[in-house]
Amino acid sequence: MASRIYNSTARQTRYRKNINNPENSVEAIKHDIIEELFCSQAKFPEVATKHDFYMALAYAVRHRLLHRWIQTAHTYFKEESRTVVYLSAEYLLGPLLGNNLLNMGIYDQAREAVDQLGLSLDELLEQEEEPGLGNGGLGRLAACFMDSLATLEIPTIGYGIRYEYGIFDQEIHNGWQVEVTDKWLHDGNPWEIPRPEIQYCVNFGGHSETYTDEKGNQRVRWIPRNMIMGTPYDTPILGYAVKTANMLRLWKADARESLNLQAFNVGDYYRAVEEKVSSENISRILYPNDQTVVGRELRLQQEYFFVSCSLQDMIRIHLQREKTLDKFHEKYTCQLNDTHPAISIAELMRLLMDVHGMAWDKAWHITTNTFAYTNHTLLPEALEKWPLSVFQNLLPRHTEIIYEINSRFLEQARTRFPGDDGKISRLSLIEEGWGKQVRMANLACVGSMKINGVAELHSKLLKQTILKDFHDLWPEKFNNKTNGVTPRRFMVLANPSLSKLISSTIGDEWIINTTELGKLAKMAFDRNLQNSWQRAKQDNKNRLSEFIKKITGIIVNEESIFDIQVKRIHEYKRQHMNVLHVITMYNRIKQFPNKDYVPRTFIFGGKAAPGYYMAKLIIKLINSVAEVINKDRQVNDLMKVVFLPDFNVKNAQRIYPAADLSEQISTAGMEASGTGNMKFSMNGALTIGTLDGANVEIREEVGSDNFFLFGLTTEEVLKRKLEGYRPSEICNNNPELSAIMDQISCGMFSEGDGNLFRPLTRELMDFDRYMLFADYVSYLECQDRVSRTYQDMAQWAGMSILNVARIGKFSSDRAIKEYCQDIWHVKPTKVDLPIN
């Protein structure tokens, strides 16, 4: 498999030939844009808007893409290819036009065609609404994996939900996060293909009953309380330098009847559309607030809805060629992206037994050889559980199936661990005690053939902590698959100046074989390369500076260190520790203004969950500190603080290439992997970080001399907590830290309001669960090393080059190859377009 996938020279040659295809000439693309402007937008050029031209270009690209997509589907059908199914509640795809132009090999021709029409490709790319179908790393990983699966020619279907409103758009009002509805579908989506002819019924509520079928067998059927329909919308996902375009199928919830005509005719207009509204709510919004019972029910409905539709669809496709489902697990290998799709284990059992008449043992054999489970968290509170009352009310038949799975499983576990009632209780799929709960991670472990973590440290800790009992039972199930990110989007597309420099230096095969980047290492301290490298970085910093000014009005020093932390806002990610360093630097400059300081621009970005008050307070703190510092002329030549609102994939593509320093400062033992750390390193940023998540492996790869390490290890964190951690003592014994806490508490950063940040300061002084104070001194010392190193620009440039040269392991292509070899046992299927 590897030899064909990574015959990169041959593939790059085919890629270049595709560029010279007459269909892809500048004239052909220009003609198609005008044609699509007429056919799809019903406009002539003189009155067309930039968005009209964006849509016309997108449809011109889609026309070429559909040839590949249809041929891919036809090839898989003929070859009866074993297929990877990726089940994920999130897909944070990012804008698709630029990515499709790149992967198709027509980016430069499209730019020229658009230029000849008197337009700017960059301006057209800005017109695209980003599909906000994910919350962060989980959804972006799924998107990277879909890119790599297509690039590696692996037959794949991705299934998820077509949320009408994705993750909220973030605005900052008076320093606070304000959530605004993400209307990503408002102006149309040229990339999706509706499939109204394919619909599946999804049941909720009611009860089950036993009956005897025509063969005299005892069977169970579900009598639901209500039913909704699932309609698929397909998005082709094109691989780079190949003809493969895999399918991402997202489900929209619809009512069986959109209008109750009887109710309408008697004037009861609300009841006339009640079924439509309640049904469509299921795919209305990404992650409804689950602080209420109604919110929890809707979240569970979402998860069951998309896996039921997906499994019914898989069965339909399988039965197009097969007469039975006996080889279902040979046709499909299905990856659960965290616990959100774990209910699919019980649902496949239901479909095989209740709908297709299969006996339990046979159905269980197929099920447990179909699924594999990826865990993404070390936080016990993040392991999904559902109150049994809610679960039973919505999914009565699945409750019965889960109890039966549990009964059979615990019988096996008791044989293995006789007399160990504590272990049996922890292994159980049902959490007993007051308010019983269904443990979805336990269901995923029991029903899957393989269980993997997403970084070596994470996988090790899984086996030692939250999944220890399952590892004791089935050590052979566990393995590690360190995450990766696609270099196509996050290097070639996001950072063309650096990518062109790399390709002119070592050739362009690295785009599909990132181990080729290693060739840069021997040139890391070549002055000519360093000068060109620094110019590319400065160009990116200049562009980001212009964007910062446009969005926030803040003018930053483009020659300063761009010190960046962009990721989901969470206490364990410790954005507030970064703020402590910001205030420390501010205080030092104020106290010792004549010392030699290295200028810094501190850039933050990220969204807080709407119901997570402490995370929102951290955003407010960042903005409040920024307001004080940015208005202080005494320090403005030396430091600025920026919070860039609405961090998403499009903005990430601006930010990663401009970073000098990547802040990866989570408490050791808390982050599963992280992927932002990889994207920063791929773009030449140096990392300051703890030994947490994938930081450990990044440091191993790039070398300890090229990584700014600080902080406690996982073992040291645990030891300090067991010994009795007293954060107030640490604070009181450190004059700088104590002064900062006093400044925050007395209202220096809140216009005299000493109560505003009290929840944050009280948590730090009394508990400090994420050990900010314990790591504070080490963090400051490490930041001082950063400043000293940056003063030697040749040394910094060499370290930056070495980071890129040695980051090849963290391509999602490598991760997918490992999944294919160790878990899925899937081989590539080559797709060729017919010659016209």
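**Close-up views of a predicted model**

**View A. Strands E18 and E19 side by side.** Strand E18 (residues 561–566) and strand E19 (residues 600–605) run parallel and are joined by six bridges. Within this pair, Phe 562 has Thr 601 of E19 as its bridge partner. Strands here are DSSP E runs of at least two residues and helices are H or I runs of at least four, both numbered from the N terminus; two strands pair if DSSP finds at least two bridges between them. This is a predicted model, with pLDDT of at least 70 needed for local features and 80 or more for side-chain atom pairs, while totals for chains, interfaces and linings use all residues. Numbering starts from 1 along each chain as its sequence is written, and side-chain values use heavy atoms, leaving out hydrogens and water.

**View B. The open sheet around that pair.** Six strands line up as E20-E19-E18-E21-E22-E23, with parallel pairing. Strand E20 (639–643) and strand E23 (708–709) sit at the edges with a single partner strand each, so one side of each has no neighbour in the sheet. Helix H34 (residues 793–805) lies across strand E21 (661–664), strand E22 (686–689) and E23, at about 85 degrees to E22.

**View C. A three-stranded open sheet.** The order is E13-E15-E14, and the pairing is antiparallel. Strand E13 (385–387) and strand E14 (430–431) are the edges; each has a single partner strand, so one side of each lacks a neighbour in the sheet. Three bridges join E13 to strand E15 (residues 437–439), and Lys 385 stands opposite Arg 439 in E15.

**View D. Helix H3 over helix H4.** The axes of H3 (residues 26–39) and H4 come within 8 Å and cross at roughly 115 degrees (axes are lines fitted to C-alpha atoms, for helices over the stretch in contact, with angles from 0 to 180 degrees between N-to-C directions). The contact (heavy atoms within 4.5 Å) includes Ile 29, Ile 33 and Leu 37 of H3 and Phe 53, Leu 57 and Arg 64 of H4.

**View E. The second largest pocket.** Its volume is about 740 Å³, meaning the space filled by probe spheres set on grid points joined across faces, edges and corners. Of its 31 lining residues, Ala 73, Tyr 76, Ile 317, Gln 320 and Lys 331 are the closest to its centre. On a 1 Å grid over the protein atoms alone, a pocket is an open set of points with protein on both sides within 12 Å along at least five of seven lines, where a 1.4 Å probe fits, and lining residues have an atom within 4 Å of a point. H4 gives the largest share of the lining, six residues.
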